Amino acid sequence: MSLWAVNLVLLSVQITIVVAFGALLIRHTPLRAPGPAHAFWRMVLLLSLLLPLFVFRSQPESGGGGTVVSAVGAATPLPAAIAWDKLLITVVAAGCLLFLLRLAFSLWRIRAFLGRSTPLPSDGIEAEFRVSEDVKGPVTFGWPRPVILVPPSFLVMAPAAQQAIRNHELVHVRRHDWFHMLAEEVVRALYWFHPAVWYVLGRIHVTREQVVDLEAIGLTGDRDSYLNALLSVAGLRREPDYSPAPLFLRRRHLAERVETIVRQPRAAPGWAKAAGIAVLGAAAAVALSVAPLRPPPRPVDRIRVGGNQQAGKLVQRPRPLYPLAAKQARIQGTVRMAVVIGRDGRVKSVEPVAGHPLLTAPAVEAVRQWQYQPTWLNGRPVEVATRVDVNFTLTK
């Protein structure tokens, strides 16, 4: 299986571990309050996205000056009926592309809604309110001039309900939630295949709406009118909406939001927040140890090849001159050298290892002029570290 496919599976395991730790913590601590819960789930998502960086930075550096191999050659791959790793990567990439296209289409559709909408009188400068027959509920989007689209039914609501909806959408504008939701939809597109990521994004969305609900109610203090507006919009929505913008209501979040408004949860104590950070750190450590990603292979710059094997690639070999002093002294023997051959086949360096001093200098000088055929590995030329022996023999 290819490195990409293996790491995709391992990363999925890591994310599952981190999300599982987060879900257990939220369930058994006061972090269930909307504000702390929203911040916590965003931390979970960010940590999940950063896991690959932590893994690759923790990989130890390989030692040594090069890769040592006994022979140069390509292994013969085993035949396979189906390349499952390539199929997996293809399916994941195709899904990412489709989700990104869906996001682009949603943005285009909202733009089209805006063109068919009509403005509403507004004394505020934070956002422009417009009526659109294309939306089933309030939708906020845009920058630098945010736009809030409301359905025609908004016009026949009670003034208190209208104000509740206005407050809610304006809180979204002040928090710049449209940018956050766009980023989250990009994450959804990249991790569309992972249910744990969908779960985290769902928790981020519902806790965001709970936070906005409480802030909007705090602007007027009229909780009953706000609940009536929420239930009125819930009765209007009959189809799913995939707009990448904060919606006043997603029906699957209705029960949790109503419970939060009625219950008015207290803020989480400091120890719970500290516990959340500690648990996330522990979750990351467990994930990295249980399913560590595999780092990409380091490029091979130099290989080691036996002298006899490399001798067959010699294309130019000037013979060394026998020193006169060595002849007169009847000195003979072998000079052994450690040689590095460059990617172009030229001798890059020569280091004497053994041999008589009178014979070493001419041997080194001759070997520096040798020319080899370049050595290729995995489709690229590499340097070769080898051993060269030069024999000096006197004739009788």
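1. Contact, as used in these notes, means heavy atoms within 4.5 Å. Leaving aside neighbours within four places in sequence, Gln 210 is in contact with Pro 34, Glu 256, Arg 257 and Thr 260. Gln 210 has its place in helix α6, where helices (H or I, at least four residues) and strands (E, at least two) are DSSP runs numbered from the N terminus. Gln 210 is buried, with a relative accessible area of 6%; buried stands for under 20% relative accessible area, exposed for over 50%, and partly exposed for what lies in between, with a 1.4 Å probe and protein chains only.

2. On the basis of the work: this is a predicted model, in which local features need pLDDT of at least 70 and side-chain atom pairs count only at pLDDT 80 or more, while totals for chains, interfaces and linings use all residues. Residues are numbered from 1 along each chain as its sequence is written, and side-chain values use heavy atoms, with hydrogens and water left out.

3. A search of the whole structure finds 17 salt bridges, a salt bridge being a side-chain nitrogen of Lys or Arg within 4 Å of a carboxyl oxygen of Asp or Glu. One of them joins the side chains of Glu 209 and Arg 257, at 3.9 Å from N to O. This pair links distant parts of the chain, with Glu 209 in helix α6 (residues 195-220) and Arg 257 in helix α8 (residues 254-263), 48 residues apart. Glu 209 is buried at a relative accessible area of 7%, and Arg 257 also counts as buried, at 0% relative accessibility.

4. Within helix α8 there is a pair of another kind to note: Arg 263 and Glu 259 both lie in this helix, 4 residues apart, which is about one turn of the helix. Their closest N and O atoms are 3.9 Å apart in a salt bridge, and Glu 259 is partly exposed, with a relative accessible area of 47%.

5. The side chains of Asp 389 and Arg 336 meet in a salt bridge at 3.0 Å, N to O. Asp 389 lies in strand β11 (residues 380-392) and Arg 336 in strand β7, so the pair ties together parts that are 53 residues apart in sequence. Both partners are partly exposed, Asp 389 with a relative accessible area of 31% and Arg 336 with one of 33%. Elsewhere, salt bridges that share partners join Arg 175, Asp 177, Glu 184, Arg 208 and Glu 215 into one network.

6. Which residues does Asp 344 touch, not counting those up to four places away in sequence? They are Gln 371, Tyr 372 and Pro 374. Asp 344 sits in the loop between β7 (333-341) and β8 (347-354) and is partly exposed, with a relative accessible area of 45%. Its C-alpha atom is separated by 8.9 Å from that of Gln 371, which is 27 residues apart from Asp 344 along the chain. The side chain of Asp 344 also reaches the backbone nitrogen of Arg 346 at 3.0 Å.

7. Finally, Val 9, Val 13, Leu 88, Val 286 and Val 290 form a nonpolar patch on the surface, with about 350 Å² of accessible area together. Patches are made of residues with over 30% relative accessible area and no salt bridge, like charges being joined within 9 Å and nonpolar side chains (Val, Leu, Ile, Met, Phe, Trp, Tyr) within 5 Å; accessible areas come from the Shrake-Rupley method with a 1.4 Å probe, and for residues only the protein chains shown count as cover. Helices α1 (3-28) and α9 (270-290) each supply at least two residues of the patch, whereas Leu 88 is placed in helix α3 (residues 84-115).

Methods
A polar contact is a pair of N or O atoms within 3.5 Å; within protein, one must be able to donate a hydrogen and the other to accept it, and residues adjacent in sequence count only if both atoms are side-chain atoms.
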